[in-house]
Amino acid sequence: MATPVPVHEPHKVKTVRPIAFPGIEERKRNLAAAHFNTFNLTPRQVAFDMVSYGCGAVTQEQLAGQLLGDEAYAGARNFETMNAQITRVLGHTYVCPTHNTLGSVKILLHAFAKSGQRLPSNARARIDLHAPRGIELLDVRDHAEGVFTGNFDLARLETVIGEQRPPFIGAQAFADGQHPLSLANLRAVRELADRHGLRLVLDVSRVVENAWYIQCYEPGLADRTIADLVKLIAKSAHAIMMDGAQDARANTGGFLATDNPADHERFINDIVVFEGLHTYGGMAGRTMEMIARGLELMCEETSVQWAMAQTERFTARLREGGVPLERGCDGAYLQADQFLPQAGAHAAHALACALYQTSGVRALVPGLVGRDSLLPLQIPRLAMTNRQLDQVADAVIALYRQREQVPALKLERDSDWHDALHFGSVFADLAEYHFDCEPWLIHTLEPIALTSREQRERAIREAGWNTFLLRSADVAIDLLTDSGTTAMSTAQWAAYDAASPTPATSDAYLDFVAAIRDTYGYDHVLPTHQGRAAEQILSEVMIKPGQIVPGNMYFTTTKVHQEYAGGVFADVIVDEAHDSTSTFRWKGNIDIAKLDALVREHGADKIAYISFELSVNLAGGQPVSMDNLREVYAWTRKHGIAVMFDATRAVENAYLIQKHDLRYRSTSVKDILREIMLYGDGATVSGKKDFLINIGGLLTYKDNADWARRSEAKLRIYEGGVRDGGLPAADLAAMAQGVREMVDDRYIRARIEQSVRLAGWLREAGVPVVEPTGTHAVFVDARRFLPHLDQDEYPAQRLASEIYVETGVRPMERGNVSSGRKADGKNYRPALELVRLTLSRRVYTDDHLRAVADGIIRLWQRRHEIGGLRFVYEPRDLRFFQGRFEPIPGGEQEQPGKRASGAA
Ligand SMILES: *Cc1c(COP(=O)(O)O)cnc(C)c1O
């Protein structure tokens, strides 16, 4: 049996490329400036660029290879690596590198063919390369074949060979992106070639998709792996050529390979004339390294199954919407003449323009004019989520429904090639399609562990039923924390690389200051290595021993530093925050009556400042309302007390104000954030949350130069220089860019609405979750999930472990275990007994989270079988980190080890 399609991506997102989403007026201007030819649009002008060539996502290992090029002219180490990998994956021994397929075709034709010859082939798109050289391609495809439409018509091939004496037979795996051939047919062609003393040359640029097709549809081959089939296909030919920018997911590059040393010699003698030297062939060393690694990765079974399932899903959705298309190996090829019969000769261009106008999706009309009227909508390999693909399909379907309004284009400049055509047009009044999906493409991905249930049962036993002690290598989807786990953007990486290091004032620091002033409106900017470092300094500067620090609930590190500085924490959050069933919208609010009571009892002098957290973490990511911010600030002005924000999740709070406070519906998150910050005097921030970075923090004051000077003195002692806070310029530069990206409305909406959807799926199935859904996490109420357990049997700890065993997902306990024991040795037994599912920024897709929800719902359905835990090792402090447990014997009807096993 072929590997089943995984229910979610077998990888997570490592780096993202943000998408611009130009508005309708901008798109119309762009189209006019592009002469109504979408070839002239740049990626920054498009929402989704539906082309696969050189646009795929790479793994982090492949990207790392990019930095290993030795860029030698002769005898490059990278060439040796690539040659070895080609031999291993594709079976051919002698490799001739080229700069891409065109380089390979150039060498091949120069070595073997002459102008005036006729070449039998199953591919038609290659006419573009052969016709200008005077070589005619003969169509020998078997047009009667319904499944393997790229198969050769063997009888016709035999006739053509007899009549034409062609230079060789040109074959293509998944010809033209639409026509796969079978292994049996390929082998028959090989046999025929041998009989006639001809070479069979196979283009394997899309060999993986062809191998998948064979695995699915060719009798007797379903058991073979993609890697096996790829090699069998490649070995069927005398010579192969490959474009590095297709299956191998490099951005350029290519090669010819053969087992025949004499042919190899002819290739490499031509290479020096046309391409480079025989050990680099017109490629940078890094490209060879990327191809070498890509060749291995492209055969990775689950990735292939995932990518092909995406193509199936995309074409199926379009078909259901009635859109006329041919299914391709990498997407849907729209039949423009049927889609827009009124658009005449240039239907494909008219369709591409209308699609861009209505949605910002760009499709390209490739190659020579007059070949066919297909408009390919290719999926950049592994770079898009299913949510995005569904929406692109819906944008096409929405256009299909108003196809009669789409005008024909008027040709203004003619050419043999589509890319050079110019058109004129008028804009029809077409309804727009609005995207509501992740506003980024996947640039780099990181493979994740796909484990069996047995492996997970072993892993949780070894981890003592504590998800903190699991190895991340055993975790598929890590929902432990959103701290420092973000996927950085390509712009952040670019800034990171470009930053010049210095222990003095870096440009990155100045850029960070500018970004913070622009975003928060605060003057004094002190970078720190993390949030807790800023908290330490703030507490020491602002708190006199014995003073009270009122706060809306508390955060662990914040409270510890307040106490170290001699302060006494006083909880002033509204009562609703402590009730997991209350649906009050603004559970982060401060209860001003509680503040009044503190002042009455102790006097205003006794209050150090108000510690005001936004999107309160320990309450479940619950927001503060703008009215509350305003009222608390007004109250503090009366009493001469400062307001210090924990602004770690201020952007998330700002979004919830935009969403739930009608007065702010059409205010940008950036402007809301500016207004929030007006109602305070300073802030600490853990950059590892809102700022979209992996390390960093901030201490900032609105206008008090005295606090800033005193804080700087401490910064020098505790953290690093006053202008770096112990961070390298590179991290400061990435942080500055992250601050700009965090206030993008589309980004923050996509982030928070993902938690809302996850909570919704769980709620629909009856799973008890904390209401309302917070910003950064979904909390499952373990007390209501496992009501048959006593709280001292640690229901949340057990549920967190069971979620891991069931799904490979790692959550965190937030309940009795986290709270610890009182002085009398008894557990605290807190009101909230929760399992936290925390969402990293830009890392997981809806498919990952749907799998999380489905797994938890399966547990919910057999919740009665789940027993409790007892400690086998219990540290005195912060026991949740290192504590180890075992199931209470007889505490459940069935031990997990005895359950039927299956993959998640
Ligand atoms: C994470 C966090 C902190 C601590 O920041 P670090 O960067 O981990 O030191 C402080 N406050 C809140 C609300 C946090 O979520």
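Colleague: Does Q178 count as buried or exposed?

Modeller: The model is a predicted one. In it, the relative accessibility of Q178 is 12%. Because the limit for burial is under 20%, Q178 counts as buried.

Colleague: Where does Q178 lie, and which residues does Q178 touch, not counting residues up to four places away in sequence?

Modeller: Q178 belongs to the loop between β7 (169-172) and α7 (183-195). With residues up to four places away in sequence not counted, the residues that Q178 touches are T149, E326, R327, G328, Y333 and L374.

Colleague: How are α6 and α7 oriented to each other?

Modeller: Helix α6 (residues 154-164) packs with α7 at an angle of about 20 degrees, and their axes are 11 Å apart. Angles under 35 degrees count as roughly parallel. The orientation of α6 and α7 is therefore roughly parallel.

Colleague: What classes of residue make up the contact of α6 with α7?

Modeller: The crossing of α6 and α7 is right-handed. From α6 the contact takes L154, L157, E158 and I161, and from α7 it takes N185, A188, V189, L192 and R195. By class, the residues of this contact are six nonpolar, one polar and two charged.

Colleague: Which residues does R187 touch, not counting residues up to four places away in sequence?

Modeller: R187 is placed in helix α7. At 44% relative accessibility, R187 counts as partly exposed. Not counting residues up to four places away in sequence, R187 touches L232 and S236.

Colleague: How many Å apart in space are R187 and R600, C-alpha to C-alpha?

Modeller: In sequence, 413 residues separate R187 and R600. In space, C-alpha to C-alpha, the separation of R187 and R600 is 91 Å.

Colleague: How is α8 oriented to α9?

Modeller: Helix α8 (residues 207-217) and helix α9 (residues 226-235) pack with their axes 9 Å apart, at an angle of about 110 degrees. Because angles of 65 to 115 degrees count as roughly perpendicular, the orientation of α8 to α9 is roughly perpendicular.

Colleague: What classes of residue form the contact of α8 with α9?

Modeller: α8 passes α9 in a right-handed crossing. On the α8 side the contact is made by V207, V208, N210, A211, W212, I214 and Q215, and on the α9 side by I226, L229, V230 and I233. The classes in the contact of α8 with α9 are nine nonpolar, two polar and no charged residues.

Colleague: Which residue of β14 is the bridge partner of L334?

Modeller: Strand β12 (residues 331-335) is joined to β14 by five bridges, and the two strands run antiparallel. In β14, the bridge partner of L334 is L375.

Colleague: Which residues of β14 point the opposite way from L375 and L377?

Modeller: Five of the five residues of strand β14 (residues 374-378) are buried, so β14 is largely enclosed by the rest of the structure. In a regular strand the side chains alternate between the two faces of the sheet. In β14, L375 and L377 point one way, and pointing the other way are L374, P376 and Q378.

Colleague: Which are the edge strands of the open sheet of four strands?

Modeller: The order of this open sheet is β3-β17-β1-β19, with mixed pairing. An edge strand pairs on one side only, and the edge strands here are β3 (58-59) and β19 (488-489).

Colleague: Which residue of β17 stands opposite V58?

Modeller: Two bridges join β3 to strand β17 (residues 440-447), and these strands run parallel. The residue in β17 that stands opposite V58 is T444.

Colleague: Which residues does S489 touch, not counting residues up to four places away in sequence?

Modeller: S489 is placed in strand β19. With 0% relative accessibility, S489 counts as buried. Not counting residues up to four places away in sequence, S489 touches T15, V16, P18, E741 and R842.

Colleague: Which residues are in contact with L480, leaving aside its neighbours within four places in sequence?

Modeller: L480 lies in the loop between β18 (477-478) and β19. At 14% relative accessibility, L480 counts as buried. Leaving aside neighbours within four places in sequence, the residues in contact with L480 are T467, F468, R810, P811, M812, R836 and T838.

Colleague: Which helices are included in what covers the buried residues of α23?

Modeller: Nine of the 11 residues of helix α23 (residues 650-660) are buried, so α23 is largely enclosed by the rest of the structure. The buried residues are A650, V651, E652, N653, A654, Y655, L656, I657 and Q658. What covers the buried residues of α23 includes α22 (626-639), α24 (669-678), α26 (729-742) and α27 (745-764).

Conventions: Residues are numbered from 1 along each chain as its sequence is written. This is a predicted model: local features need pLDDT of at least 70, side-chain atom pairs count only at pLDDT 80 or more; totals for chains, interfaces and linings use all residues. Side-chain values use heavy atoms; hydrogens and water are left out. Axes are lines fitted to C-alpha atoms, for helices over the stretch in contact, and angles run from 0 to 180 degrees between N-to-C directions. Angles under 35 degrees count as roughly parallel, over 145 as roughly antiparallel, 65 to 115 as roughly perpendicular and the rest as oblique. A crossing is left-handed if the near helix is turned anticlockwise from the far one by less than a right angle, and right-handed if clockwise. Contact means heavy atoms within 4.5 Å. Ala, Val, Leu, Ile, Met, Phe, Trp, Tyr, Cys and Pro count as nonpolar, Asp, Glu, Lys and Arg as charged, and the others, Gly among them, as polar. Buried means under 20% relative accessible area, exposed over 50%, partly exposed in between (1.4 Å probe, protein chains only). Two strands pair if DSSP finds at least two bridges between them.
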